Amino acid sequence: MAIDFLALKGQLYSAVLSDVLDNFGFKHQAMWPFIRPLDESLVLFGRARTGMYMNTYAVAEGENPYEIEIALVDDLKPNDVAVFGCNGPTTRLAPWGELLSTAAKHRGAAGCVTDGLVRDVRHIRKMGFPVFNGGIGPLDSKGRGKMMAMDVPIECGGARVASGDLIFGDVDGVVVIPQAVAEKVIEAALERINGENQTRAHLEQGELLSQVYARYGVL
């Protein structure tokens, strides 16, 4: 099935995707709870483009420590999500800020997820660009860390991510949907949402939870 990110972003939510992934045997697809959105009203949904960071403690003469990071951002396509793995939580590395958000937004990207820090928060919130982060701090990455490789498998917020995986984030957290099972997971999630809607409707009519659960098996 062709994935309509815009339409599905308004239907799906992270909790149901996590439940479905559990049922499929993927038990470690939700990022750790410290990964939070800058704006809880925004939803993120798109395809991962990964960047792997390492800690550094100096910049060599003539080196551009942003080289690979810039290449990734400039190569973002519509509905891409920049996913920056910084071995977070961290107190010293903020790889994402206003200028990267501006560049990514104008490439049509869907957002950013990082277990590192973010900065320029007021500006990012003002532009309405979805960013999920491992904390807020003013520290530039220069001399503290740099992206060593792009589009390689990484770990971000405790979850494994490969470029092409689907990333969904909302106020409850961020879920990684492996590319190989993405269509099946989305189909099953939409079915489960229908069951939850039916369950809610019957509960609002005063039926007992035990009765409704026996009928729909959704909780």
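Me: Is L6 buried or exposed?
Reply: L6 is exposed, with a relative accessible area of 67%. This is a predicted model, and L6 lies in helix 1, residues 5-9.

Me: How far is L6 from F45?
Reply: The C-alpha atoms of L6 and F45 are 8.0 Å apart in space, and the two residues are 39 apart in sequence.

Me: Which cluster is F45 part of?
Reply: Ring pairs link F45 with F5 and F168 into a cluster.

Me: How many aromatic pairs are there in the structure?
Reply: The structure holds 5 aromatic pairs. One of them is W32 with F34, where the ring centres are 6.3 Å apart and the planes are at 40 degrees, so the pair counts as tilted.

Me: How accessible are W32 and F34?
Reply: W32 is partly exposed at 41% relative accessibility. F34 is partly exposed as well, with a relative accessible area of 25%.

Me: And what about the rings of Y53 and F84?
Reply: Their centres are 5.3 Å apart and their planes are at 50 degrees, so Y53 and F84 also form a tilted pair. This pair links distant parts of the chain, with Y53 in strand 2 (residues 44-55) and F84 in strand 3, 31 residues apart.

Me: Buried or exposed, those two?
Reply: Y53 is buried, with a relative accessible area of 8%. F84 is buried at 0% relative accessibility.

Me: Changing topic. How many disulfides?
Reply: The count is 0 disulfides.

Me: Are C86 and C112 buried or exposed?
Reply: C86 counts as buried at 6% relative accessibility. C112 counts as buried at 0%.

Me: On to helix 2. Which residues there are buried?
Reply: S14, V16, L17, V20 and L21 are buried in helix 2. They cover an arc of only 165 degrees around the axis, which puts them on the same side of helix 2.

Me: Why would residues a few places apart point the same way?
Reply: An α-helix has 3.6 residues a turn, so residues three or four places apart point the same way.

Me: What do the buried residues of helix 2 pack against?
Reply: They pack against strand 9 (166-170), strand 10 (173-177) and helix 6 (182-204).

Me: What comes just after helix 2?
Reply: G25 does, with a positive phi of about 90 degrees. Q29 is in the loop between helix 2 (14-23) and strand 1 (36-37).

Me: Is Q29 buried or exposed, and what does it touch?
Reply: Q29 counts as buried at 14% relative accessibility. Leaving out residues up to four places away in sequence, Q29 touches L21, A159, V174, V175, V176 and P178.

Me: How does strand 10 pair with strand 9?
Reply: Strand 9 and strand 10 pair in the antiparallel sense over 5 bridges. D170 has G173 in strand 10 as its bridge partner, and a hairpin joins strand 9 to strand 10 through 2 residues.

Me: Where is there a cis peptide bond?
Reply: A cis peptide bond joins G88 and P89, with omega about 10 degrees. P89 is in the loop between strand 3 (80-85) and helix 4 (98-106).

Me: What is the phi of D120 and of D151?
Reply: D120 is not a glycine, yet it has a positive phi of about 60 degrees. D151 is not a glycine either, and has a positive phi of about 60 degrees. Most residues other than glycine have a negative phi.

Me: Where are they?
Reply: D120 is in the loop between strand 4 (111-114) and helix 5 (121-127). D151 is in the loop between strand 6 (145-150) and strand 7 (154-156). D120 is partly exposed, with a relative accessible area of 33%, and D151 is partly exposed, with a relative accessible area of 33%.

Technical notes:
Residues are numbered from 1 along each chain as its sequence is written. This is a predicted model: local features need pLDDT of at least 70, side-chain atom pairs count only at pLDDT 80 or more; totals for chains, interfaces and linings use all residues. Side-chain values use heavy atoms; hydrogens and water are left out. A disulfide is a pair of cysteine sulfur atoms within 2.5 Å. Buried means under 20% relative accessible area, exposed over 50%, partly exposed in between (1.4 Å probe, protein chains only). Helices (H or I, at least four residues) and strands (E, at least two) are DSSP runs, numbered from the N terminus. Contact means heavy atoms within 4.5 Å. The arc is that of the directions from the helix axis to the C-beta atoms. Two strands pair if DSSP finds at least two bridges between them. Rings of Phe, Tyr and Trp (its six-membered ring) pair if their centres lie within 6.5 Å; planes under 30 degrees apart count as stacked, over 60 as edge-to-face and the rest as tilted.
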